[in-house]
Amino acid sequence: MSIRHHLDEATLLSYAAGSMSQGMALVTACHLAMCSACRKRAQHSEAIGGALMETLTPSPISDSALDAVLAAIEAQDEPIQVETVRSKPVRPVDSDVPAPLTDYIGESFDEIEWKRIVPGVYYFDLPCQSGGVSRLLRIAPGKAMLPHTHEGNELTLVLKGSFTDEIGRFAAGDIADLDDQIEHQPLVDSSEDCICLVATDAPLKFTTILGRLMQPMTGF
Ligand SMILES: [Zn+2]
C-alpha cells in the first residue's frame, strides 16, 4: 500500500494528548494501523507528550528539562508503542477493515446495514457521535459526495476504492486531514465502491441548496 496523504502534525499531537473526540481518534487510529510512517511519527509525539507530563511537578524546573527529557527518550532501547494500536494485530488477515474499526463493525463491510442517502451513496453511523459525526460512507463509482465545508476539522480515511477532490487523489490508506478553510467535493474514480471512514468535530456545512435540504435527513 503506497500512502500519499498523511495525518498532519497538529492531529498527531492532539491524538497523543488524548484530546480528540472519540470519532476523530478512531479515524486517526485506523490510519495509524494502515500507515507505518505515521505510526513512527505518533510514537515520537507520544514520547514527547508523556515525558512533558512527567515534568509537571510543583517545583520549578530548569530550562534544560526538555533537553534532558528528549535525551532520555533518545536513550531508550525499547520502541514506544501506541496504546490504541497495540492491543490487536494491525489488520485482520484478508480484511479491508483496519483493526481499530473491527470493534464497531466486525471484519467485513458486507455485514453492515447501509442506509441510502441518494442512489449510489450510502452511510452507516458509528456509535460514537459525541462531539461531531463519525460514519462510514460508501459511494458508487462516478458518484460525488455533496460539496461541503466544515465548522471544525474533518478526517476522511479511504478504506477501499479511491476518490479525487480539489486537493488530489485519495486511495486506500490515504487520509484527508482538513480544516474549516476548505470546500471540497470528493468524486469516486475507482471501478469499485469507495468506502471511507469520516469524522468531524463539528457538523458539516453543505454549500448547495440540495445539500442544505438533505441535511436534516443525513444528519451531517
Ligand atoms: Zn500516514
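This is a predicted model: local features need pLDDT of at least 70, side-chain atom pairs count only at pLDDT 80 or more; totals for chains, interfaces and linings use all residues.

How far does helix H3 reach from its first C-alpha to its last? I looked it up: H3 covers residues 36-54, which is 19 residues, and spans 27 Å, close to the 27 Å expected at 1.5 Å a residue.

Entry, overall picture. I find 7 helices and 11 strands in the protein. The protein has 220 residues, and 45% of them count as buried. I also checked contacts between residues at least 6 apart in sequence: 67% of these join residues at least 24 apart.

Entry, back to H3. Which of its residues are buried? My list reads Cys38, Ala42, Ser45, Ala47 and Ala51. A reminder on helices: an α-helix has 3.6 residues a turn, so residues three or four places apart point the same way.

Entry, H1 against H3. H1 is the helix at residues 9-16, and I get an angle of about 55° for its packing with H3, with the axes 9 Å apart. Parallel, perpendicular or oblique? Angles under 35 degrees would be roughly parallel and 65 to 115 roughly perpendicular, and H1 and H3 are therefore oblique to each other. The crossing of these two helices is right-handed.

Who meets whom there? From H1 I have Glu9, Leu12, Leu13 and Ala16, and from H3 their partners are Cys38, Arg41, Ala42, Ser45 and Glu46. Sorted by class, that contact has 5 nonpolar, 1 polar and 3 charged residues. Cys38, Ala42 and Ser45 also sit on my buried list for H3.

Entry, H2. This helix runs over residues 22-34 and has 13 residues. Its first and last C-alpha are 19 Å apart, close to the 18 Å expected at 1.5 Å a residue. Is H2 enclosed or open? I count 11 of the 13 residues as buried, so H2 is largely enclosed by the rest of the structure. Among the buried ones I wrote down Met24, Leu26, Val27, Cys30, His31 and Met34.

Entry, Asp174. I wanted to know where this one sits: it is in the loop between strand E7 (169-171) and strand E8 (175-178). Buried or exposed? Asp174 has 0% relative accessibility, and buried means under 20%, so Asp174 counts as buried.

What does Asp174 touch, leaving out residues up to four places away in sequence? I get Ile3, Arg4, His5, Thr156, Leu157, Val158 and Arg169. I also checked Cys196, which is 22 residues from Asp174 in sequence and 9.9 Å away in space, C-alpha to C-alpha.

Note on methods. Residues are numbered from 1 along each chain as its sequence is written. Side-chain values use heavy atoms; hydrogens and water are left out. Helices (H or I, at least four residues) and strands (E, at least two) are DSSP runs, numbered from the N terminus. The expected span of a helix is 1.5 Å times one less than its number of residues. Buried means under 20% relative accessible area, exposed over 50%, partly exposed in between (1.4 Å probe, protein chains only). Axes are lines fitted to C-alpha atoms, for helices over the stretch in contact, and angles run from 0 to 180 degrees between N-to-C directions. Angles under 35 degrees count as roughly parallel, over 145 as roughly antiparallel, 65 to 115 as roughly perpendicular and the rest as oblique. A crossing is left-handed if the near helix is turned anticlockwise from the far one by less than a right angle, and right-handed if clockwise. Contact means heavy atoms within 4.5 Å. Ala, Val, Leu, Ile, Met, Phe, Trp, Tyr, Cys and Pro count as nonpolar, Asp, Glu, Lys and Arg as charged, and the others, Gly among them, as polar.
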